[in-house]
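Colleague: I am new to this structure and would like to learn how to read it feature by feature. Could you give me the general idea each time, and then the case at hand?

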Amino acid sequence: MTEQAATRRRRTMPAISVRARIVGVVALLSLVGMLMAGGSAYFIDRQRQFDQIDGNLYSALEAVQFAVGDSTWRSADEALEAVVSRPSLDDNTGILGIVNDTAAIVPGLPLDVQLETFEGFVDRVVAEVDGQNSVLGTFSNEKGSLRYLAVPISVTDADGNVSGPVIYVIAYDLERELTELNDAAGIFMIASVIVVLLIVVIGMWISGRLLRPIGEMSALAQRISTANLDERIPVTGRDDVSRMAQTVNEMLDRLDAGLISQRQLMQDVGHELNTPITIVRGHLELLDVNDAAEVEEAREISMDELDRMAGLVDDIRLAAKLQDPKQFDFDLVNIPELVASLQSKARAVQGINLHDGPQVPQVGVIGDEAKLTQGMLQYAANAAKYAPGDVTIGARFGEPGYIDLFVRDSGEGVADELKDAVFERFNRGTSGERASGSGLGLSIVRAIAERHRGGAWVRDAHPGAEFVLTLPIAVPEQHAIHHKGAPWLQS
């Protein structure tokens, strides 16, 4: 069968819901369990009854032997008639005396089982009895089944003459004996079927309630589109399915935020690229091709704007890469070594006068050292552009379990209403040289921090501003060890 044929066959087969499969398996296992338990109990009780019947038959044998041996009889027929005519029997039993291979003696009282009416039974007993040996056996025909004991009786009279043997037979009707047990088994079977039906009905109702979020997920997945991510799955309860629904809602929240961010990025990119394109187009439209000086000026302006566009595209590409976890190579990073490397590299940045910060805590973080270096040097580059002068690069303990890497400048600081906005895409200075750049630098730093489960923010340093990159410590206990119970340092 080809793959296409197999696919078409699967499509034409009726779909069985997870709900029906779960309930079906539970019902099947319940039925199998009840049948195994009931069947085991039935066969054990059945065998117990068979053993009890055999025990009663052997007791009857002892009673016959005692009755025959306790008296003096003139003939075997007389002894046989005596024991047959005085029965003390259980229900569903019969007695018969066989003389000369014929059913000759029956009890004087009506018994539950008339052995002489079972065709072929007397012939079977006569054929099996041999000499003085008793026979325990089972006989079956269309009328029923008998569990019987045949006892040959021989009598020696006072003159020493031996009379007999004649055969004493006592038998139980097995079908009648098992009627009560079989009736109980039938009732058990009916009850089992009813219980399984109840399991199916109740299971379908309960599973329908428990699995309702899955159905709503399926319906939501069919309705959802990139243009509509507002719908969410109602979450009720605290079970695994409810948690899964909550997880799907959180995933939709992230997708929604990602799409919103993507749309905003496209709008921002379009806006940012529109300005250099407009500038270049305007100069080209007004260009006098016969004026060499004007052509040179237009060329320089166009090249400058194209370089700015190329830098913007590179920054956009970098920002996009930071959304991919595969771009990060996480390992244990030693904070003192990282800060020393940052200070060494930042001294080459023009426009800043680097000062050493406070003593760096001897701790480590799990992170990508190259990306952390990139983010901190972006802070340093921003300081050189917007607040040239004295700059301090260092690290200190922050909130419990976190370490703060910081770059502190001595400029005018950042207004409170702009402290969050400066980390948004395409946000940059507004005058002269400060307006250059793509405006993606600090947003890239925040993306790096978030990939490290940390944060990027700015606060007043008096004077100047302090740009912070917060990271979780690899071993949080190191914070308490190094501070020995001292309060968190917030210098």
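Modeller: Let us begin with packing, where contact means heavy atoms within 4.5 Å, and where buried means under 20% relative accessible area, exposed over 50% and partly exposed in between, with a 1.4 Å probe and protein chains only. Here the buried residues of helix 10 pack against strand 6 (331–334), strand 7 (352–356), strand 8 (364–367), helix 11, strand 9 (389–397) and strand 10 (402–408). The helices (H or I, at least four residues) and strands (E, at least two) are DSSP runs, numbered from the N terminus. This is a predicted model, in which local features need pLDDT of at least 70 and side-chain atom pairs count only at pLDDT 80 or more, while totals for chains, interfaces and linings use all residues. Residues are numbered from 1 along each chain as its sequence is written, and side-chain values use heavy atoms, with hydrogens and water left out.

Colleague: Which residues of helix 10 are buried, and why do they lie on the same side?

Modeller: The general idea is that an α-helix has 3.6 residues a turn, so residues three or four places apart point the same way. In helix 10 the buried residues are Ile335, Pro336, Leu338, Val339, Leu342, Gln343 and Ala346. They cover an arc of only 160° around the axis, taken from the directions from the helix axis to the C-beta atoms, and that arc puts them on the same side of helix 10.

Colleague: What span should helix 10 have, and what is found at its start?

Modeller: The expected span of a helix is 1.5 Å times one less than its number of residues. For the 12 residues of helix 10 (residues 335–346) this gives 16 Å, and the end C-alpha atoms are 16 Å apart, which agrees. At its start, a side-chain oxygen of Asn334 reaches to within 3.0 Å of the backbone nitrogen of Glu337. A polar contact is a pair of N or O atoms within 3.5 Å; within protein, one must be able to donate a hydrogen and the other to accept it, and residues adjacent in sequence count only if both atoms are side-chain atoms.

Colleague: Is Ala383 buried or exposed, and what is it in contact with?

Modeller: Ala383, which has its place in helix 11 (residues 369–386), counts as buried at 5% relative accessibility. Leaving aside neighbours within four places in sequence, Ala383 is in contact with Ile352, Pro388, Val391, Val407 and Asp409. Ala383 and Val349 are 34 residues apart in sequence and 9.8 Å apart in space, C-alpha to C-alpha.

Colleague: How should I read a pair of strands?

Modeller: Two strands pair if DSSP finds at least two bridges between them. Strand 3 (residues 135–141) and strand 4 run antiparallel and are joined by 7 bridges, and they form a hairpin with 2 residues between them. Within this pairing, Ser140 stands opposite Ser145 in strand 4. Strand 4 (residues 144–156) is mostly covered, since 10 of its 13 residues are buried.

Colleague: How many salt bridges does the whole structure have?

Modeller: A salt bridge is a side-chain nitrogen of Lys or Arg within 4 Å of a carboxyl oxygen of Asp or Glu, and a search of the whole structure finds 12. In one of them, the side chains of Arg408 and Glu466 meet at 2.9 Å, N to O. This pair links distant parts of the chain, with Arg408 in strand 10 and Glu466 in strand 12 (residues 465–472), 58 residues apart. Arg408 is partly exposed at 24% relative accessible area, whereas Glu466 counts as buried at 2%.

Colleague: Where do Arg446 and Asp420 lie?

Modeller: Arg446 lies in helix 12 (residues 441–451) and Asp420 in the loop between strand 10 and helix 12, so the pair ties together parts that are 26 residues apart in sequence. Their side chains meet in a salt bridge of 3.3 Å, N to O.
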